[in-house]
Amino acid sequence: MTRYQLEVRVVPRTGLLDPPGKAIHHALHSLGYLGVEDVRVGKTIFLQIDAPSGREARGRAEEMCRKLLSNPVTEDYEVSVLGEGEVQDGTDS
Amino acid sequence: MKVVVVTFPGSNCDQDCHRAVELSGGEPRYLWHRERGLSDADAVILPGGFAYGDYLRAGSIARFSPAMEDVVAFARQGGPVMAICNGFQIACEAGLLPGALMRNRTVRFHSFDQYLRIETTDTMWTSAYEPGQILSMPVAHAEGNYEADPDTIDRLEEDGRVLLRYVDATGATSEEGNPNGSARSIAGIMNEQGNVMGLMPHPDRAMEAVVGSVDGRGVFQSLARHLNGPGAK
């Protein structure tokens, strides 16, 4: 069993209004950053998953995205495997 | 009518809903989110609040609580479910209603009295109102911006499942009459079978003149009339 570090990025679906992104866009403009074309705000969720393979860990994370971590009506998600390490006995698994 | 009010950790309108049922001649009972059992229920209310702190997304964690399994089964069997504010968010997350409630266009928490227009009275939730009636009820939310894909919204409109819209003081839909930016000013909808209603405004907080409005009474009266049969008042 290997312990995988995964990053899940959840972002508002392109084309949907993203009010926080819009507010930040306005704020950046008023600070003088006029070249900013678009701002979208999402969230990043870090997971540690013990699994026999990276593929399996990613599969589980994607299932979590569909069930809980993202809203299929308004958000898209992206899962990346950041790193992996040995699972040591006696750790908080 | 026996009405079960589900209390989640973070619910804050469960007592308002309990009282609203009492004021409408019904028998309310609380159900803690970890408890099961709706066999005695004629209807269920998912109240407003901040269930599970609204962590991740409003309603996203609440929908997996044990009580919600029973609520979903109850709704699938045709049991009436009234989902108010945070309850509406939970019902959308649970798939009982289509669409989602996104952050208000203003990126602010809205807490004020809002004008609403009754769009259809041919439902178990709105039969006590007049078509086109203008109401005033409190709204209190940060995520009330109703969104769904255009086909879904067209279907809601065609089926007469948009029950309430945000309007301005003249009773017209307009930019300023729709502060949270909801698609087509939608404030309340029901599912295809008509037994699940979700709305962001608070009929439960508009039950007594002393709090500023009695315009919410019609929702509870409509439900009571539906459950007690046409002969009852």
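## A loop in chain B

B:S185 is buried, with a relative accessible area of 8%; the cut-off for this class is under 20%. This value, like the others in this report, comes from a predicted model. B:S185 is found in the loop between β9 and β10 of chain B. Although B:S185 is not a glycine, its phi is positive, at about 60°.

B:R184 belongs to the loop between β9 (162-166) and β10 (186-190) of chain B. The phi of B:R184 is also positive, at about 50°, and B:R184 is not a glycine either. Is B:R184 buried, partly exposed or exposed? With a relative accessibility of 39%, B:R184 counts as partly exposed, because that class lies between the limits of 20% and 50%.

## Enclosed elements of chain B

Helix α3(B) is largely enclosed by the rest of the structure, because eight of its eight residues are buried. They are B:N86, B:G87, B:F88, B:Q89, B:I90, B:A91, B:C92 and B:E93. After α3(B) comes B:G95, which has a positive phi near 80°.

Strand β7 of chain B, residues 134-141, has seven of its eight residues buried, so this strand too is largely enclosed by the rest of the structure. Its partner is strand β6 of chain B, residues 110-118; the two pair in the antiparallel sense over eight bridges. Within this pairing, B:Q114 has B:M137 in β7(B) as its bridge partner.

## A three-stranded sheet in chain A

Chain A contains an open sheet of three strands in the order β2-β1-β3, with antiparallel pairing. Why is one side of β2 and of β3 left without a neighbour in the sheet? Both β2 (43-51) and β3 (75-86) stand at the edges, and each has a single partner strand, so one side of each has no neighbour in the sheet. From one strand to the next, the twist averages 20°.

The antiparallel strands β1(A) and β2(A) are joined by nine bridges. In this part of the sheet, A:R9 stands opposite A:T44 in β2(A). Helix α2 of chain A, residues 54-69, lies across β1, β2 and β3 of chain A and runs at about 135° to β2(A).

## The largest pocket

The largest pocket has a volume of about 550 Å³. Its lining consists of 24 residues, and those nearest its centre are A:K43, A:E75, B:R57, B:R103 and B:E143.

Which elements each supply at least two residues of this lining? They are β1 (2-12) and α1 (19-30) of chain A, together with α3 (86-93) and β5 (100-102) of chain B. By class, the lining of the largest pocket has twelve nonpolar, four polar and eight charged residues.

## The second largest pocket

The second largest pocket holds about 250 Å³ of space. It is lined by 15 residues, of which B:G95, B:L96, B:N191, B:E192 and B:Q193 are the closest to its centre. B:G95 is also the residue with positive phi that follows α3(B).

In chain B, α2 (66-76) and α4 (150-158) each supply at least two residues of the lining of this pocket. By class, the lining has five nonpolar, six polar and four charged residues.

Methods
Residues are numbered from 1 along each chain as its sequence is written. Chains are lettered from A and ligands numbered from 1 in the order in which they are written. This is a predicted model: local features need pLDDT of at least 70, side-chain atom pairs count only at pLDDT 80 or more; totals for chains, interfaces and linings use all residues. Side-chain values use heavy atoms; hydrogens and water are left out. On a 1 Å grid over the protein atoms alone, a cavity is a set of points where a 1.4 Å probe fits but cannot get out, and a pocket is an open set with protein on both sides within 12 Å along at least five of seven lines; lining residues have an atom within 4 Å of a point. Grid points are joined across faces, edges and corners, and a volume is the space filled by probe spheres set on the points. Helices (H or I, at least four residues) and strands (E, at least two) are DSSP runs, numbered from the N terminus. Ala, Val, Leu, Ile, Met, Phe, Trp, Tyr, Cys and Pro count as nonpolar, Asp, Glu, Lys and Arg as charged, and the others, Gly among them, as polar. Buried means under 20% relative accessible area, exposed over 50%, partly exposed in between (1.4 Å probe, protein chains only). Two strands pair if DSSP finds at least two bridges between them. Axes are lines fitted to C-alpha atoms, for helices over the stretch in contact, and angles run from 0 to 180 degrees between N-to-C directions. Contact means heavy atoms within 4.5 Å.
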